[in-house]
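Here are my notes on the model, as numbered points. Please read them with the structure open.

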Amino acid sequence: MHSSPAGRRTRLVAGRVTRYALLVVMAVVVLFPIYITVVNALLPSAEIAHRPPVLFPTHPQWSTFSTAFSHAHLGIYLRNSAIVTVAITVAELVTSVLAAYAFAFIRFPLRNTVFVLCLATLMVPMEATVIPNYRTIEAFGWYNTFPALIVPFAASGVGIFLLRQAFLGIPRDLRDAAALDGYGHLRFLMRVAVPLSRPVLAAFGIFAFMGAWNQYLWPLIVTQTDSVRTVPIGLRQLSAANVNQIDVIFAGTLLGALPIFVLLIVFQRQLVRGLTAGSVKG
Amino acid sequence: MDGDLSPLAGRDAASHLLERATATSVALEGVSKSYGGTAAVRDLTLQAGAGELLVLLGPSGCGKTTALRLVAGLESPSSGIVRIGSDVVNDVDPKDRDVAMVFQSYALYPHLSVARNIEFPLRSRHVPAAERTRLVGDVADSLRLSSLLERKPGQLSGGQRQRVALARAIVRRPKVFLMDEPLSNLDAQLRVDMRAELVELHARLGTTILYVTHDQVEAMTMGERVAVLNDGALQQLDVPAAVHDRPANAFVAGFIGSPPMNILRGRLVGEGDALFVAVPGGRLALGDELARAARRRDLDEVQLGVRPEALRIELGAAAVPVAGLLGTIAATVTLVELVGHEQNVACRLAGSQLVWVRAGAGGAPMRTGEPVVLGVTGPVHLFDPRDGARVEP
Ligand SMILES: Nc1ncnc2c1ncn2[C@@H]1O[C@H](COP(=O)(O)OP(=O)(O)OP(=O)(O)O)[C@@H](O)[C@H]1O
Ligand SMILES: [Mg+2]
């Protein structure tokens, strides 16, 4: 195989064109459903079922967004989702950091066994724990309350695993130096271990937030009234009850997904850094 | 101890920090430490006097770091007693031992600025902010770090990091400094400079220092006394000159010096009153006292120690023994190392043992393969091959 300079350049250009073509296809696949949701939210209900489908709203109907708040209680759902999601995210971060620290820095009997148990929870699908958890919640009298939505998710095997890895990357000398400098475990954790693991914490925090925000099955089972229903459940109730308000449901879906969009855009850089950078250098 | 600091208010606490320059002795008494099955430190007994700079010297893996960690309280001994001053500290928490350690890796906090790194130990001891700033400023001045206070450790050179690590140790005026090969990551020139600075710092602070190194030049130039370790056990503890001139055993002899002392297998041969050591290719006469000591030990085989400086190369295999020499050995030049204006020449004896010779300036350049006669100008050392112990004349 011999390649002239011109041939090589042609191949380079061809490679780049292929790459961009692939990226464009992928972008369309990802973005098209979102675009259709936006379009449908802005179309009157009657036009949504129109054949061929309308791909551009000529008379956008902005009122559906306010209707989502006034008629469909979207405000309450958003508030509930915010409470539940923030509580779960904070709880998962706190418990994961503490547990991961113990696994990484403290020697205690059966440490590895307990850690493997924590990891094993990752292999149990949510569907398998729904019934026992439901009974527990009911026994506590938590049915249709916020604790029912929050407490079962207050600890996370993934979080423990990720943070333990991050903490193991912290040189032991740092812990020893801090011990000589008068820092106990908790203060070392707050002043050194956590700041050094910020990229991983941020990545896991976002991950936890998205997971909590998008929960569907469990909140559906343990809620009964709008006072505790989260966005996905609220929208689902609405669509079940009100088929001719499908444009409102599209609008609600968009509004409900908005926090996630914002989160991803704001923390985009953190996420990338969390994936690429080692947590400790020099 | 930080317990006696916290009740004191503001300025008092800080001035207390500054005054406490009274030095303390440190001792390990019969200390052993093993990890699982392997012993890192074996029955180690040594003491650094108050205000002394004691160097722990030994090859990699001989337990130097472990010894320091035992003093710091980062490891607890499997057996034996650790003493700081007159107190047994075996059960005292690291933070209450009032020792500061400069780690082999420096262990700077990468996310904190130089200033924050230095004041880190003060924060945990509740020193008020104004005092912290002043103390950090003072230490930074004395270690020429003032212009770097806002940088992160990642933005510093090795020498600068090393000074930050020192500053962090100094700032709280501990009773004892533990320094674990603080210069090992620096280039040769910087190492020479920092050596002088550390010695000067020690003179200024008067604090007891346990200084770990595997670099014998560092040990010999900095230490008031040197403790040579091997395989977790103490080999010799003495002033540098004595470690060099009267090595306690064959290990110390073969470790100190550059190139280190030649250790040759030989046999004792008596001729009337005189006693000789026969080595392949020659023999040399022992002085009266050494001969008596060797006879007393009832030795047959011996290890003969000759420093490269105590050998002289006489060209030509047939050279006649010259007056003033203890003896001569026939050998062949195998390697010539030029060190500045000196030559280190490796010669092989008939029995295939290798001998280093320090040939001074001006001598004719050696060629490999050339047969030579080595003249022994002395002094020589004898070691008992059974345990390597020195035969003391
Ligand atoms: N935490 C540990 N677990 C098991 N073995 C250890 C541990 N720490 C040290 N050792 C072993 O103990 C011995 C002494 O180690 P140490 O770190 O004290 O050596 P050192 O003299 O400081 O070496 P170097 O000059 O390379 O730093 C080594 O054989 C080492 O493998
Ligand atoms: Mg070491």
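Which residue of β8(B) does Leu56(B) stand opposite? The points below start there. Keep in mind that the model is predicted.

1. Leu56(B) faces Val212(B) in β8(B). Strand β8 covers residues 208-213 of chain B, and β3(B) pairs with β8(B) in the parallel sense over five bridges.

2. β3(B) also pairs with strand β9, residues 225-230 of chain B. That pairing is parallel too, over four bridges. Here Val55(B) stands opposite Val226(B).

3. Look at the side chains of β3(B). Leu53(B), Val55(B) and Leu57(B) point one way, while Leu54(B) and Leu56(B) point the other way. Both sets are buried. Five of the five residues of the strand, 53-57, are buried, so β3(B) is largely enclosed by the rest of the structure. Buried here means under 20% relative accessible area.

4. Now the ligand. The residues around ligand 1 include Tyr35(B), Ala40(B), Lys64(B), Thr65(B) and Glu181(B). Helix α2, residues 64-72 of chain B, gives the most to this shell, with three residues. By class, the shell has three nonpolar, six polar and two charged residues.

5. A backbone N or O atom of Gly63(B) lies 3.0 Å from one. A side-chain N or O atom of Thr66(B) is 2.5 Å from one. For Gln104(B), a polar side-chain atom lies at 3.2 Å. The protein covers 62% of the 630 Å² of accessible area that ligand 1 has on its own.

How values were computed. Residues numbered from 1 in each chain as written. Chains lettered and ligands numbered in written order. Predicted model: local features only at pLDDT ≥ 70, side-chain atom pairs only at ≥ 80, totals over all residues. Heavy atoms only, no water. Buried < 20%, exposed > 50% of the residue type's maximum accessible area, 1.4 Å probe, protein only. Helix = DSSP H or I, 4+ residues; strand = E, 2+ residues; numbered from the N terminus. Pairing = 2+ DSSP bridges. Near = heavy atom within 4 Å. Polar contact = N/O pair within 3.5 Å; in protein donor to acceptor, adjacent residues only side chain to side chain. Areas by Shrake-Rupley, 256 points an atom, 1.4 Å probe, with all protein chains shown as cover. Nonpolar A, V, L, I, M, F, W, Y, C, P; charged D, E, K, R; others polar.
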